[in-house]
Amino acid sequence: MAKKVRTAITPTRDENYPEWYQQVIRAADLAENSPVRGCMVIKPWGYSLWENMQQALDRMFKDTGHQNAYFPLFIPMSFLQKEAQHVEGFAKECAVVTHHRLEADETGTLKPAAPLEEPLVIRPTSETIIGEMFSKWIQSYRDLPLLINQWANVVRWEMRTRLFLRTTEFLWQEGHTVHATAEEAQEETLRMLDVYADFAENYMATPVIKGEKTESERFPGAVRTYCIEAMMQDRKALQSGTSHFLGQNFARASNIKFLDAEGKEQYAYTTSWGVSTRLIGALLMVHSDDDGFVVPPRLAPAQAVILPIIHDEESRGEIMAYCRRLKNELQAISYSGGRLTVELDARDARGGDKFWYWVKKGVPLRIEVGKRELDAGMVSVGRRDGDHRERKTLAHNEFVATIVDQLEDIQKNLYQRALQYRDRHIVRIDDREEFYKFFTPENPEQPEIHGGFSFSHWNGSSAVEEKLREDLGVTIRCIPLAKDEEAGRCVITGEPSKGRVIFAKAY
């Protein structure tokens, strides 16, 4: 019987994927639950990751002509009521402020004292209040297009929460744009979907499928909703970004009008689009292993860590000086729109403890320097994308000259590995019995990793969607934009179908 390999994370992915996820977050020191129900504290390593995501996305937004602004956290309740589908879609998730000022009662207990004239909703999303401001800013076609982005927090009152994936409060960006024609707004909607896909694949090293949501899955009040969908290592889908063509629905609700070139008053066309800190959860579930977090270099809080290996005090000074010089050299190198970030771990701790500390945090390159490396002018290098116990010895100058190439090789390797995993678990299923078997675990009490993406025909009926949601917990993730025009028969009803869609279980 083969000896079981000892892992840094217990349980492993195969043993208990949900608990493995929580343990990776804890081991990498990314975040933890806060005293406020459903909310999280993002710790420095996790927040550095979010900052790197912000910086990359912000450049991409500005390169496509968008500007940043900020709008209030509080939204008058009457604003949400302006768009019927919107308020219906978010009503159950809203947190509402009804009072201001606290006063102590006769027992000294603080209680809300003064009711507000109108309750304020803590923003679940900002279409309505931003629309109110846009209606004041826009008078003429010369004011269009208006391209605005906001970095903010939002609150959606969740009953079942999980760090990064679904929390009551989370961080995100939300873009809101206004256009003179439906064609321009539709073009903007798809342009931003492409930006998200570009970011996911080239920064997160995460392959995604671009598609349109079905009517039942659309953003409340949207004409069309587009998304990017990624496969996690438990073969579930994670919606990793959305872009919405809102038509004139919100323009009519917020009275966003403009005079066209002929002097006629028209309602504008609007869009909105957003991604959030759930991208950190996606990153974790796509790349990490049973020894901890694995971070693509372009987003890593640090691309490399230097570990001095000191066995006797006589060599300490020389080794530390060598490590500091190496750190300075590396941090002068340009990488991914900035400079390399390098950690030097000079803590008084055992070498093995330092090794596992940084493995679990997912740093792409680990550089070890001891007396042997010092004397030979070398470094020993380990990579996080392969067998991290292996080390390769390189001359100091060769390592410095090739570090960017090594990091890019890791970036590409992580993407290819994720792509191969996803593609292995996308299947074409045309038989109802096979479909149900594909999405049914062998152990319902503690479901094993099973299923994947079923690329199957659908008759267009919301009744099919509802049945699959109830029977299997499966939803249509998207209608792929790279259309498969092959006509066929719905996998569930046998009725005619115009093309295939992506079915999956999802977060």
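I began with the second largest pocket, which holds about 370 Å³ of space. My working rule: on a 1 Å grid over the protein atoms alone, a pocket is an open set of points with protein on both sides within 12 Å along at least five of seven lines, and a cavity is a set of points where a 1.4 Å probe fits but cannot get out. Lining residues have an atom within 4 Å of a point. A volume is the space filled by probe spheres set on the points, with grid points joined across faces, edges and corners.

The model is predicted: local features need pLDDT of at least 70, side-chain atom pairs count only at pLDDT 80 or more, and totals for chains, interfaces and linings use all residues. Residues are numbered from 1 along each chain as its sequence is written, and side-chain values use heavy atoms, with hydrogens and water left out.

I listed 20 lining residues for the second largest pocket, and the closest to its centre are W458, I479, K498, G499 and V501. At least two residues each come from α14 (462-472), β24 (475-480), β26 (496-497) and β27 (500-504). Helices (H or I, at least four residues) and strands (E, at least two) are DSSP runs, numbered from the N terminus. By class I got six nonpolar, seven polar and seven charged residues. Here Ala, Val, Leu, Ile, Met, Phe, Trp, Tyr, Cys and Pro count as nonpolar, Asp, Glu, Lys and Arg as charged, and the others, Gly among them, as polar.

**Cavities.** I counted two of 30 Å³ or more. α5 (127-137), β8 (169-179) and β14 (269-276) give two or more residues each. α5 has the largest share, four residues. The classes are five nonpolar, five polar and one charged.

The second largest cavity comes to about 40 Å³. Among its lining residues I noted V305, W358, P364, R366 and R384. Two or more residues each come from α10 (351-361), β19 (365-369) and β20 (378-383).

**Sheet.** I then traced an open sheet of five strands, ordered β18-β15-β19-β20-β21, with mixed pairing. Two strands pair if DSSP finds at least two bridges between them. The edges are β18 (342-344) and β21 (392-395), each pairing on one side only. Neighbouring strands are turned by 30 degrees against each other on average, direction ignored. Axes are lines fitted to C-alpha atoms, for helices over the stretch in contact, and angles run from 0 to 180 degrees between N-to-C directions.

β20 and β21 pair in the antiparallel sense over four bridges. V379 stands opposite L394 in β21. α10 packs on this sheet and touches β15 (304-308), β18 and β19. The direction of α10 makes about 175 degrees with that of β15.

**N52.** I found N52 in helix α2 (residues 44-63). Leaving aside neighbours within four places in sequence, N52 is in contact (heavy atoms within 4.5 Å) with L299, A300 and P301. N52 and F170 are 118 residues apart in sequence and 17 Å apart in space, C-alpha to C-alpha.

**Whole chain.** I logged 14 helices and 27 strands. The radius of gyration is 26 Å, close to the 23 Å that the globule rule gives for 507 residues, so the chain is as compact as a globular protein of that length. The radius is taken over C-alpha atoms, and the rule is 2.2 Å times the number of residues to the power 0.38.
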